[in-house]
Amino acid sequence: MTRLVDLSPESFAAHLVSLGLRRASFVTDGGEVRASHPALAEIADYLAADRRDFHRHEGVFFEVGRETGALFGAFVHGTTRGQGQGGLRYWPYASLTGFIADGLRLSLGMTRKSALAGLWWGGGKGLIARAPEHAFRDPAFRERLYTEYAAFVSGLRGCYITAEDAGTGPSDMAIVHRGTRFVTCTPPSVGGAGNPSPATAKGVVCAMEGALAHLGRGTLAGKCVVMQGTGNVGAAMIGELLQRDVGSILASELSAERRAQLAEQFSGAPLTLVPAAPGDDRILAEPCDILAPNALGGILNPDTIPGIQAPIVCGAANNQLLDDVRDAAALRARGITYVPDFLCNRMGIVYCANEQYGQLPHDPAIERHYGRDWDNAVYVVTRRALELAEREGITTAAAANRLADALAAEPHPIWGGDRSRSIIRGLVADRWADQT
């Protein structure tokens, strides 16, 4: 008999509907994970047994779109510092297992990312499973899809705040904003911060500088940087690196159109763009001073780590380690300094997190993250985590986790640490998952 978690997201959504349901929740209560319906207890058991990805997440919520039939997910990890915040990823998943794993890992990363950044937010993540039949480039379809998703987020009463992530753009956020107030990374036309990619890129480059300084390797000037992926963040990183006089950049990119665009944009720069097919990770084995994984997660694993020829790994992709204990140890054993992704790629959410407080040109609340003096600046926290790892003989991932988890345990200065958990308890008491 096929397990529910082995179904495709599309099949699981159809299964929910066959049960007369459009919603499902899995909430941690007194150490147990409780399913909203007995027929879904198998998934609660699966979560409770997941030692790698499930870290006492406070709530996992699913909903099936009325018109599109799409499966929506909201994953809330830790909300002691504030509401669970994290971007919306619209992506294809082969199974519900992959859908759940991505949401759990990314929401945990957001808890740690916000804590290390000094934000009064917790960790959350939104997912939409992109089905093969989705006309995902059709504006009319996206209008329906993101309108449905916005209603899903509103229904969660603010325990989760959504934002932009892979597969979702500013125009999609404008649609979401029409349907819910629980959203950041909205376009400037509605008072939002807009595209966070340049901010993310600048933060990653600051972390590279921190790692170089920690190792006594000087500045980025003259260095060779290898990049996997040149999307919005990767392209902005190229610009930041060139401003710092890097010696050369070698970057792989799936899209021929994107390669041509970047070649024209950075004509005359020491940039080499090479094609790559899906699953082609050969770029990771190129000799360089800094390797920057900028694509999807799990790229640092037993298959790729042995081939890395870089003393520093520091990139923009989320969840780069397939297993954050095993693979962090493998990098350390090879003498490679790994800068944990949630430490260095924080600036996307920082840029958008506090839109409700208004906009300032060259906002000092943003700019201080790029400096060398503020205690929570990217460069400063990078050096602190690397120094802790060296001093105690632990992996850099373990050091960053320790710093982040200590900060994540600090309660919100106004609401205390139980506000969002109270909202989740209210959703359960009001039988949110039974509402159709």
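Visitor: What volume does the second largest cavity have?

Guide: Rolling a probe the size of a water molecule over the atoms shows where empty space is left. On a 1 Å grid over the protein atoms alone, a cavity is a set of points where a 1.4 Å probe fits but cannot get out, and lining residues have an atom within 4 Å of a point. Grid points are joined across faces, edges and corners, and a volume is the space filled by probe spheres set on the points. Here the second largest cavity has a volume of about 50 Å³. Please note that this is a predicted model, in which local features need pLDDT of at least 70, side-chain atom pairs count only at pLDDT 80 or more, and totals for chains, interfaces and linings use all residues. Residues are numbered from 1 along each chain as its sequence is written, and side-chain values use heavy atoms, leaving out hydrogens and water.

Visitor: Which residues line the second largest cavity?

Guide: The lining consists of Arg-105, Leu-106, Gly-109, Met-110, Lys-113, Asn-318, Asn-319, Asp-341 and Phe-342. Helices (H or I, at least four residues) and strands (E, at least two) are DSSP runs, numbered from the N terminus. The largest share of this lining, five residues, comes from α3. By type, the lining divides into three nonpolar, three polar and three charged residues; Ala, Val, Leu, Ile, Met, Phe, Trp, Tyr, Cys and Pro count as nonpolar, Asp, Glu, Lys and Arg as charged, and the others, Gly among them, as polar.

Visitor: How much space lies in the largest cavity, and which residues are the closest to its centre?

Guide: The largest cavity holds about 280 Å³ of space. It is lined by 19 residues, of which Leu-108, Arg-112, Asn-319, Leu-321 and Asp-324 are the closest to its centre. At least two lining residues come from each of α3 (96-116), α10 (341-344) and α14, and α3 gives the largest share, four residues. The lining comprises seven nonpolar, five polar and seven charged residues.

Visitor: Which residues of helix α9 are buried?

Guide: Buried means under 20% relative accessible area, exposed over 50%, and partly exposed in between (1.4 Å probe, protein chains only). In α9, residues 326-333, the buried residues are Asp-327, Ala-328 and Leu-331. Seen down the helix axis, they fall within an arc of 105°, so they line one face of α9; the arc is that of the directions from the axis to the C-beta atoms. Their cover includes β14 (337-338) and α14 (396-408), where contact means heavy atoms within 4.5 Å. Just after α9, Gly-335 has a positive phi of about 75°.

Visitor: How many aromatic pairs are there?

Guide: Rings of Phe, Tyr and Trp (its six-membered ring) pair if their centres lie within 6.5 Å; planes under 30 degrees apart count as stacked, over 60 as edge-to-face and the rest as tilted. The count by this rule is 12 aromatic pairs. One of them, Phe-62 with Phe-75, is edge-to-face, at 6.2 Å centre to centre and 70° between the planes. This pair links strand β3 (residues 59-64), which holds Phe-62, to strand β4 (residues 71-76), which holds Phe-75, 13 residues apart. Both Phe-62 and Phe-75 are buried.

Visitor: Why is the pair of Tyr-90 and Tyr-146 edge-to-face?

Guide: The ring centres of Tyr-90 and Tyr-146 are 6.2 Å apart with the planes at 85°, so the pair is edge-to-face. Tyr-90 lies in strand β6 (residues 88-91) and Tyr-146 in helix α4 (residues 139-155), 56 residues apart.

Methods. On a 1 Å grid over the protein atoms alone, a cavity is a set of points where a 1.4 Å probe fits but cannot get out, and a pocket is an open set with protein on both sides within 12 Å along at least five of seven lines; lining residues have an atom within 4 Å of a point.
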